[in-house]
Amino acid sequence: MLKGLKLWFCLSLTFVSVQSICLLIIPLLEIGNVLNVILAIIFWMSLALYIVSVILSSKQRQKIEKSKFKVKKLKKNHFGILKFFQNKEAVIFDVLLFISTALIIVSLVLKTESVWLIAVGLFLWFISFNLHCLFNGKNYIYIKAYEIYKKEHGKNEQKKCKSC
C-alpha cells in the first residue's frame, strides 16, 4: 500500500517539474509560434495531472491510515503551504522559495528587462513553492514516519506509531 502512496507522490513531483520546465522554456519561443500552444497544453495538462496525483496520494494515505498505520502528528499538521522546515528535504525548498522570492522582488524593483532573469526567477519560485507544499505536507510526512517506524520496529509491527 505504501508503494502506491510513494508512486502518486513521485508522480506529483514529476508533473510539477514538467510545469516548471515549461515556464523556463517560454523565452526560447517566438510569440505566435505553434510551439507556444503545445507548451501551454503541456503546462495545463501537467497542472491537472499534478492536482489529480496529489488528491490520489492523499486518498491512498488515508486508506493506509485507516487499516494499518497511524501517525499522531498528522492530525495537528495542516496543508504543506502553511508549514515550514518540517524535515531536511523541506528546508532546502523553503530556503529556495525565500531566495527566489527575493530574486523576483529585486528584478521588479530594478525593473529589469532581462527575459531570462525573469524566467529563471519564475521557474525557481514556481518549483520551490510547489515542492515546499509537497515536502511540508501530510503525505510526505506520513511516508517518512512510516519508513522510520519500519526501520525501528521491523516489518511485522505496523499498527500504530505513538512516538511519531
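The protein has six helices and two strands, where helices (H or I, at least four residues) and strands (E, at least two) are DSSP runs numbered from the N terminus. Read from the N terminus on, its elements run α-α-β-α-α-α-α-β. This is a predicted model, in which local features need pLDDT of at least 70 and side-chain atom pairs count only at pLDDT 80 or more, while totals for chains, interfaces and linings use all residues. Residues are numbered from 1 along each chain as its sequence is written, and side-chain values use heavy atoms, with hydrogens and water left out.

**Inside the protein**

Let's start with the interior. Of the 164 residues, 37% count as buried; buried means under 20% relative accessible area, exposed over 50%, and partly exposed in between (1.4 Å probe, protein chains only). A nonpolar core is a set of buried Ala, Val, Leu, Ile, Met, Phe, Trp, Tyr and Cys residues joined through side-chain atoms within 4.5 Å. The largest one has 23 residues, and Leu2, Phe9, Leu131, Phe135 and Tyr142 have the most contacts inside it. Helices H1 (2–25), H2 (34–67), H4 (88–109), H5 (115–135) and H6 (138–153) each give two or more residues to this core. A second, separate core of six residues includes Cys22, Leu23, Leu39 and Phe43.

Phe9 deserves a look of its own. Beyond its neighbours within four places in sequence, Phe9 is in contact (heavy atoms within 4.5 Å) with Ser57, Leu134, Phe135, Asn139, Tyr140 and Ile143.

**Aromatic pairs**

Rings of Phe, Tyr and Trp (its six-membered ring) pair if their centres lie within 6.5 Å; planes under 30 degrees apart count as stacked, over 60 as edge-to-face and the rest as tilted.

| Pair | Type | Centre to centre | Angle between planes |
|---|---|---|---|
| Phe43 and Phe126 | tilted | 6.0 Å | 45° |
| Phe93 and Phe135 | stacked | 5.2 Å | 20° |

Phe43 in helix H2 and Phe126 in helix H5 are 83 residues apart. Phe43 counts as buried at 15% relative accessibility, and Phe126 counts as buried at 17%. Phe93 lies in helix H4 and Phe135 in helix H5, so their pair ties together parts 42 residues apart in sequence. Both Phe93 and Phe135 are buried. Ring pairs also link Phe9, Phe93, Phe135 and Tyr140 into a cluster.

Phe98, found in helix H4, is partly exposed, with a relative accessible area of 44%.
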